[in-house]
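I opened the notebook to look up aromatic contacts. My notes follow the model below.

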Amino acid sequence: MPLYIGVMSGTSLDGLDFALIEQGQRTTLLATHYEQMPAQLKQDLLDLCVPATDELARAAMAERAWAELASTGIHALLSNEQLEATAIRAIGSHGQTVRHEPQRGFTIQIGHPALLAELTGISVVTDFRQRDIAAGGQGAPLVPAFHEAIFNDATRVRAVLNVGGFSNVSLLHPGLATRGFDCGPGNVLLDAWIQQHQGHSFDHNGNWASSGHVDDRLLAQLLRDEFFSAVGPKSTGRELFNLSWLQAHLASFPDIAPEDVQATLLELTARTICESLLAAQPDTQDVLVCGGGAHNSALMQRLQSLLPECEVLSTANHGIEPDWIEAMAFAWLAHCCIEGIAANRPSVTGARGLRVLGAIYPA
């Protein structure tokens with residue numbers, strides 16, 4: 001059975017996740033690897049998320065560095081598993097999103113797939129979002145089709161919740177088309193706020209948030225953003241939810257302690273997830289959580305308290321560690337592209353129909 005490697009670099013910009021899968025009638029995770037994002041590359045990629053000078057040249061240099069880092073991770077994974085490059089049918093590379101504005105008809109992921117193919121000797125499938133955008137869709141989220149493939153249960157009403165930089169949910173209801181949408185900020189504001197005030201890249205277990213108290217005034221103002229009241233298909237990114245967005249709201253509340261802001265941001269993440277989930281699929285029984293948010297015990301506890309009729313558990317309880325779901329998804333998407341299998345879901349993205357996603361860069 002063919003082997004694929006998926007490479008995922010999310011909005012948190014902490015590093016690159018690699019997943020080696022075997023694709024038969026079922027998707028089997030064989031091995032994983034992680035490469036930490038160098039500080040300079042992380043900053044370069046963050047800088048590209050906002051308009052500035054000389055963007056084309058800076059993007060070109062950043063994507064070369066990203067591809068070189070991805071190549072390092074691929075070679076490490078192959079070495080660890082004692083595999084030759086020829087054993088891998090293709091790499092599925094998400095690339096790094098630097099702009100996502102589907103309302104203006106575009107999304108941009110960089111990752112120099114030609115260089116990645118050259119450095120690894122393996123064909124690369126990438127650019128998964130463009131065809132869905134061209135067909136009038138949001139280009140995101142793309143993982144619901146994969147969630148459907150691995151977590152669908154004919155007897156259970158399920159939601160698969162990914163909490164990375166942003167949160168998105170896949171709705172798996174027996175007898176109905178798979179649906180899904182972005183809920184709003186996941187860890188992106190929590191990470192930015194603790195980075196600014198404590199120099200940490202993330203809030204371990206939500207400990208800092210747990211030391212504060214939710215400020216209802218700030219929470220109510222944040223929740224008034226029109227994104228939260230919109231219904232799917234919808235997707236978002238750093239273009240909307242970022243530190244500047246938060247600071248603009250905080251200008252009205254200069255007296256709030258930093259730890260109370262963190263507590264309020266955790267409540268914002270939990271509240272927007274649960275309210276959108278319950279509105280879209282009120283009979284949900286299982287919530288399977290993946291992404292970095294699955295390790296935030298304060299967030300997981302809050303999700304469970306807001307969803308008392310549901311069982312909220314990490315995907316680890318269903319056989320797959322939460323950190324590797326998205327990398328697996330892009331390995332699977334590479335398989336779908338090569339086999340000519342449509343992998344978007346119009347009920348998720350709003351595209352005009354099913355489309356085969358991705359562009360192939362042969363080895």
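Is phenylalanine 228 buried or exposed? I looked up the accessibility. Phenylalanine 228 counts as buried because its relative accessibility is 17% (buried is under 20% relative accessible area, exposed over 50%, partly exposed in between, with a 1.4 Å probe and protein chains only).

I noted the ground rules next. This is a predicted model, where local features need pLDDT of at least 70, side-chain atom pairs count only at pLDDT 80 or more, and totals for chains, interfaces and linings use all residues. Residues are numbered from 1 along each chain as its sequence is written, and side-chain values use heavy atoms, with hydrogens and water left out.

I searched the whole structure for aromatic pairs and found 6. Rings of Phe, Tyr and Trp (its six-membered ring) pair if their centres lie within 6.5 Å; planes under 30 degrees apart are stacked, over 60 edge-to-face, the rest tilted.

One of the pairs is phenylalanine 227 with phenylalanine 241: the centres are 5.8 Å apart and the planes at 80 degrees, so I logged it as edge-to-face. Phenylalanine 227 is in helix α9 (residues 226–229) and phenylalanine 241 in the loop between α9 and α10 (243–250). Helices are DSSP runs (H or I, at least four residues), numbered from the N terminus.

I then checked phenylalanine 228 against phenylalanine 241. This pair is stacked, at 5.3 Å centre to centre and 25 degrees between the planes. Phenylalanine 241 has 0% relative accessibility, so it counts as buried.

Phe227, Phe228, Phe241 and Trp245 form one aromatic cluster.

How values were computed:
Helices (H or I, at least four residues) and strands (E, at least two) are DSSP runs, numbered from the N terminus.
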